[in-house]
Amino acid sequence: MLRHYLTMTIAVLKRRPFYTAISLFGISFTLLVLMVFTAMADHGLAPMAPESRQDRMLGVHSARMYGPQSSWSSEGGYALFDKYARNLPGVETLTIFSGFQTATTYLGDQRITSNLKRTDGAFWQVFDFTFLEGGPYGEADVKDARFVAVITRRTRERLFGGANAMGKSFEADGQSFRVVGVVENVSEMRYIPASDIYAPLTTAKTDAYKRDIMGGYHAVALARSTDDLPLIREEFNARVARMELPDKAYKALVAPFETRWDSIARESPFADRTSPERQGPKLTLFLVIAALVFVTLPTVNLVNVTVSRILERASEIGVRKAFGAPTRSLVAQFVVENVMLTLAGGAIGLVLSALVLRALNQSGLFAFSAFTVNARVFGYGVLLAIAFGLFSGVYPAWRMARLHPVEALKGGPSR
Amino acid sequence: MTRHLVRLIWNRKRQNLLLTIEIFCSFLVVFVVALVGLTYAVNARQPLGFDIDRVWVIDVGRPRGPIGETDKAATAAREAAEREVFTGLLAALRELPQVERAAGSFTGPYVNSTWGSGATLTDGRQIDYLYNRVGDDFIPLLSMPIVAGRGFTREDDAAGDDPVVINAAMARTVFGDASPIGKVIPQKPDPQRPPDRPAEKPKRVVGVIEDFRQHGVYSMPGNVLFDRLRIDVPDHGVPDRLLIRVTPGTSAAFEPILIRRLQRESADWSFDVSTMDKLREQSVKTYTIPLAVLAVLAGFLLLMVMLGLSGVVWQSVTQRLREFGLRRAAGASGLSVRRQVQVEMAVMTTFALIAGIALVAQIPFLPRPRELVLVPGIFVGAVALSAAAIYCLTLACGWYPSRLASRIPPADALRYE
């Protein structure tokens with residue numbers, strides 16, 4: 001049966017190549033856009049190094065203090081995590097590290113600006129970096145404030161011309177560090193562990209950060225299992241709710257442990273930032289609606305082209321109806337035909353999106369991005385094509401199947 | 001004739017409704033691009049208000065004090081020390097032969113952070129403005145054109161009020177056509193002021209600058225108010241930035257010299273230099289990249305719509321051979337048949353546009369974020385521009401099929417029946 005449908009589809013598509021080309025252009029462009037966004041989201045959100053264990057990770061990436069008149073939002077402070085996030089139930093490892101800090105290095109009169117992250121030793125256990133040379137610094141290095149650093153492949157290229165960097169020293173922002181390890185570059189889309197240089201927390205120019213509950217630091221907890229995530233979230237929220245705020249102008253502190261998607265959603269315009277509740281579902285809903293709005297025009301366009309071609313099929317429909325084919329089976333046939341058309345368009349879209357993604361990677365718009373059409377993105381692409389085919393196929397199929405057999409045999413209704 | 005055409009369109013209402021919906025959606029797409037594009041185009045014609053030639057900016061990172069420090073004396077001592085360091089930095093910069101001018105400032109041109117403030121005027125109006133606290137050298141350093149009055153100078157040291165410089169737009173908003181120089185901004189006291197903080201001094205206008213559009217040529221012009229930074233006064237805080245103008249011919253090789261000089265002044269502070277050109281490039285990108293992505297998407301969508309509409313109209317012309325043939329046989333000219341197809345397109349477009357305009361006309365009445373300013377002229381212009389574009393698009397789609405329709409030989413068409 002399906003083979004018969006397939007033969008029919010190809011016959012119909014070959015009958016009027018111009019219209020087929022119009023339809024395919026619309027379909028492949030629409031799916032191209034959806035797939036490029038899917039691939040970018042996949043590259044930013046799916047578990048991969050150095051966040052392979054991300055399904056067991058929760059992090060605090062923003063902190064907000066509220067008072068009756070004033071509010072203050074920034075990253076959390078070291079003291080907040082050091083005092084309140086240690087020994088949370090269900091946590092295997094907790095790491096505290098700084099947000100982006102820029103560091104400048106001068107080689108002769110050449111100026112190199114790098115991102116510097118100051119971390120504790122546990123950072124290297126929570127995130128699984130790929131080491132090209134050497135290894136991470138440990139808790140002892142952090143404790144003794146040793147000026148050691150792990151750098152990325154690009155930093156090695158920029159500072160040492162790509163040669164072996166182990167044990168060599170470099171200067172960043174007036175401080176001198178000795179390289180103990182080199183890791184693979186991290187995509188900018190992985191903005192939590194991404195940096196160019198990693199150094200122990202204690203190498204900060206002053207230790208003022210140790211007293212702050214607001215500003216400049218992140219904490220990421222690696223849970224024992226995914227079942228422990230709600231427990232960690234609730235326990236930390238409860239501890240934060242009980243703590244005494246140092247500034248009387250503020251009444252509440254909101255700094256929840258969240259998944260990355262929830263923390264991205266927290267920065268979106270429709271999030272409720274005053275609540276420690278999860279914000280991710282709202283953003284997901286918004287994006288689904290945005291995607292539906294985007295596909296409306298292509299859908300209407302495809303429906304129009306298909307409906308205008310109904311009469312081509314009039315005699316076929318008339319004969320099938322005259323021999324007693326039920327409307328249901330005709331609808332099924334036309335919907336399947338439409339899905340096959342969108343799958344063909346999807347295949348073109350997939351090839352094009354691979355090209356677009358490669359161009360995006362080369363453009364450097366997102367540092368070290370490696371957008372690809374992997375198996376997962378391919379799967380999403382197929383699903384999107386099928387959904388688009390169903391979405392745009394039902395109405396024309398219904399119209400076709402409702403043609404009156406006598407009129408259809410005569411060549412269609414005189415509309 | 002028109003009634004007849006409307007009836008013909010009505011007879012094919014299902015197909016035509018679908019086409020109308022498609023035109024309606026296309027209108028919305030074009031409208032969004034037109035609104036953003038037109039806003040940029042109008043903004044780009046407004047004066048920028050400063051010149052960044054040879055200007056560099058140094059971000060100054062200070063070790064932060066503890067949050068919520070309760071020991072008032074300790075805070076005061078720490079801040080006094082920081083102010084002293086900052087004064088030292090300014091003096092050190094001014095001694096360097098490559099530095100023409102140096103000024104402290106909280107934000108600056110193309111700097112990512114924005115400091116906004118607002119006030120309630122005595123007549124009840126609420127105004128928002130872009131705020132900055134700048135050193136005396138800030139205005140001449142950026143060659144900012146002064147429309148009336150003067151910039152900040154040493155004479156202001158003795159002033160009892162707070163001297164401020166505002167931009168022309170703010171002068172118009174607050175004082176109308178009257179000269180603002182020497183007048184105090186008529187401002188109600190802040191009801192949310194904590195009781196332990198001293199009342200604000202009146203703000204007396206000493207000068208009016210043309211403008212200061214911090215985020216560049218595409219940004220929305222608005223009100224601007226500058227306070228005078230006095231590094232020797234406790235309440236003024238310590239600025240986050242140092243702006244310098246270097247002498248002509250100074251190259252990037254000067255950067256490390258500059259940084260080392262500053263580091264020598266204060267080892268535990270951190271400094272990050274960038275040239276204004278680089279900051280501008282980044283800042284402009286935040287405006288142009290979203291528009292470019294939007295325009296490319298809209299362009300492809302419209303190309304798809306054009307192909308689709310042409311195809312559908314073409315198809316319907318070939319299906320209506322008999323109708324057109326009959327009209328030709330009854331004496332209608334080719335031109336008249338051709339016009340019929342085009343008028344049908346135009347009627348559908350009109351219906352789609354009425355619906356589309358009715359929808360976008362709701363936007364000014366909907367709640368929206370404060371950053372999203374709608375200028376009535378630009379909004380109406382965008383509606384007109386996109387409506388015109390859609391008419392052109394649909395008529396272009398009808399052009400070839402209508403020519404086909406007019407060329408149908410009546411005899412052939414009738415024989416077909």
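Predicted model: local features only at pLDDT ≥ 70, side-chain atom pairs only at ≥ 80, totals over all residues.
User: How should I read the contact between the two chains, and how many residues does it take from each?

Analyst: The size of an interface is often given as the accessible area lost when the parts come together. What can be given here is a residue count, with 39 residues from chain A and 38 residues from chain B in the contact. On the side of chain A that touches chain B, the elements giving two or more residues are H2, strand S5 (101–107) and H9 of chain A, and the largest share, 10 residues, comes from H9(A). By class, that side of chain A divides into 18 nonpolar, 12 polar and 9 charged residues. As for the confidence attached to the assembly, the predictor gives the complex an ipTM of 0.80 and a pTM of 0.83, while chain B averages a pLDDT of 87, with 94% of the residues scoring at least 70.

User: Into which domains is chain B divided?

Analyst: Chain B is divided into domain 1 (2–46 + 283–416) and domain 2 (63–268), and the C-alpha centres of these two domains of chain B lie 51 Å apart. Their contact involves 8 residues of domain 1 of chain B and 8 residues of domain 2 of chain B. On the domain 1 side of that contact, H2 and H7 of chain B each supply at least two residues, and the classes there are 5 nonpolar, 3 polar and no charged residues.

User: What does the domain assignment give for chain A?

Analyst: For chain A the assignment gives domain 1 (2–47 + 282–410) and domain 2 (62–257), with C-alpha centres 46 Å apart. The contact between them takes 7 residues from domain 1 of chain A and 5 residues from domain 2 of chain A, and the domain 1 side divides into 4 nonpolar, 3 polar and no charged residues.

User: Which residues other than glycine have a positive phi, and where is the cis peptide bond?

Analyst: The background is that most residues other than glycine have a negative phi, and most peptide bonds are trans. Among the exceptions here is Asn87(A), which has a positive phi of about 55° although it is not a glycine; Asn87(A) is found in the loop between helix H3 (78–84) and strand S4 (91–98) of chain A, and it counts as exposed because it has 8 C-beta neighbours inside 10 Å. Phe368(A) likewise has a positive phi, near 55°, and its place is in the loop between H11 and H12 of chain A, where, with 17 other C-beta atoms within 10 Å, it is partly exposed. The peptide bond from Ala49(A) to Pro50(A) is cis, with omega near 0°, and Pro50(A) lies in the loop between H2 and strand S1 (57–60) of chain A.

User: How many residues of H1(A) are buried, and what span should that helix have?

Analyst: An α-helix has 3.6 residues a turn, so residues three or four places apart point the same way. Helix H1 (residues 2–15) of chain A has 14 residues, which at 1.5 Å a residue should span 20 Å, and this agrees with the 20 Å between its end C-alpha atoms. Of those 14 residues, the number buried is 0, so H1(A) lies largely in the open.

User: How far apart are Val6(B) and Lys72(B), in sequence and in space?

Analyst: Val6(B) and Lys72(B) are 66 residues apart in sequence and 81 Å apart in space, C-alpha to C-alpha. The place of Val6(B) is in helix H1 (residues 2–11) of chain B, and with 13 other C-beta atoms within 10 Å, Val6(B) is partly exposed.

Technical notes. Residues numbered from 1 in each chain as written. Chains lettered and ligands numbered in written order. Domains from an automatic or database assignment. Helix = DSSP H or I, 4+ residues; strand = E, 2+ residues; numbered from the N terminus. Nonpolar A, V, L, I, M, F, W, Y, C, P; charged D, E, K, R; others polar. pLDDT = per-residue confidence, 0-100. Buried ≥ 20, exposed ≤ 12 C-beta atoms within 10 Å, placed from the backbone. Expected span 1.5 Å × (residues − 1).
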